[in-house]
Amino acid sequence: MTLTERIPHRHRGTVAVLAVLLGSTALQSTAALATTLFDRLGPIGVSGLRMLTGAVFLLVIARPAFWRFTRRDWVSVVSYGVVASLMNVFFYLAVDRIPLGVAVTIEYLGAFAVALIGVRRLRDGLFAVGALGGVVMIAGPTFGAADLLGYLFAACAAASLAGYTMLAGKIGTGTPASSGIKGLSVSIAIGAILLSPATVGAIPSMVPADWVLAACIGVVGLALAFSCDALAVTLTSPAAAGVFFSLDPVVSSLVGVLLLGQVLPPLAYVGIALIVLSGAAVTWRANRSAVQLAAHTASLRAVEHTEPPRG
């Protein structure tokens, strides 16, 4: 009996939310830890180390038979790996220059844009206006004290996340050899290879403690976070989990305050809340035909899979 089969249906929605919160906390807290290495190893070098340690862990766990991959499998995992590596690099470059909560919120707009494609009614476009207003509220009070490149890198991370979100649906839809974590492990390994020049350049400057941090960032911030996301989608549905993922900006803002001391102006927090609410609403409305909501939130169950989990 698998883990998901052991969880009663009436509790799956609750467990899915907790899984998303755990994954988001792991992802954002390790991003905060990663910033302590930026000065000596550089954001791109740390990105490469994250992909490397995460790939090694996932490959050991999944043990994919990549020689059985079809051409379609390779196209999916390579595309996914390229976009994942770009998203990781741009995100770390952004976090190096602007507050974590701001960077994550702007990056989240990539997934928001993909969800917005699924809406068909003109009034749903009001959510886009709401999200735009949120961006103005965030950028307005923080722009003068931040690096312009930080916002540009965050926007590039958002574009990468949009591509990542659309490509994620192809992972696991090929042959059994590339399904689930097997295909994911190969994709992350490809990303690690692409970033290997930066990784090799960072290694000479590393001390043993740096390797411990790198392993934590890769295993906890990548492997664990991805596993939590996958569990949430399995327990509910991609549509429902997509709504839960809108909690990312909130978690990152809390992590920024607690671990990095990055207290944002009050108006910025209002903007983050506006983007979160707009994103959750759009994701739900775009996928409302794919999810059946019973009497309690804990009774969410999958009807049809239409949207992949976040990156």
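1. S47 sits in helix 4, residues 43-62. Helices here are DSSP runs of H or I with at least four residues, strands are runs of E with at least two, and both are numbered from the N terminus. This is a predicted model, in which local features need pLDDT of at least 70, side-chain atom pairs count only at pLDDT 80 or more, and totals for chains, interfaces and linings use all residues. Residues are numbered from 1 along each chain as its sequence is written, and side-chain values use heavy atoms, with hydrogens and water left out.

2. Is S47 buried or exposed? S47 is buried, because its relative accessible area is 0%. Buried means under 20% relative accessible area, exposed means over 50%, and partly exposed lies in between (1.4 Å probe, protein chains only).

3. Which residues does S47 meet? Leaving aside neighbours within four places in sequence, S47 is in contact with N88, V89, Y92 and L195. Contact means heavy atoms within 4.5 Å. The side chains of S47 and N88 also form a polar contact of 3.3 Å. A polar contact is a pair of N or O atoms within 3.5 Å; within protein, one must be able to donate a hydrogen and the other to accept it, and residues adjacent in sequence count only if both atoms are side-chain atoms.

4. Now the core. The largest nonpolar core has 57 residues, and V46, F91, Y92 and Y164 touch the most other members. Helix 5, residues 71-95, gives the most to this core, with ten residues. A nonpolar core is a set of buried Ala, Val, Leu, Ile, Met, Phe, Trp, Tyr and Cys residues joined through side-chain atoms within 4.5 Å. A second, separate core has ten residues, including A19 and L231.

5. Y92 deserves a look. Beyond four places in sequence, its contacts include A31, F38, V46, S47 and I217.

6. L59 also lies in helix 4. L59 is partly exposed, because its relative accessible area is 32%. Not counting residues up to four places away in sequence, L59 touches P64, S185, V186 and A189. The C-alpha atoms of L59 and K182 are separated by 7.7 Å, though the two are 123 residues apart along the chain.

7. Helix 13 covers residues 248-260. Its 13 residues should span 18 Å at 1.5 Å a residue, and its end C-alpha atoms are 17 Å apart, so the two agree. The expected span is 1.5 Å times one less than the number of residues. Buried residues in helix 13 include P249, V251 and V255. Just after helix 13, G261 takes a positive phi of about 65°.

8. Overall, the protein has 14 helices and two strands. Of its 311 residues, 53% count as buried.
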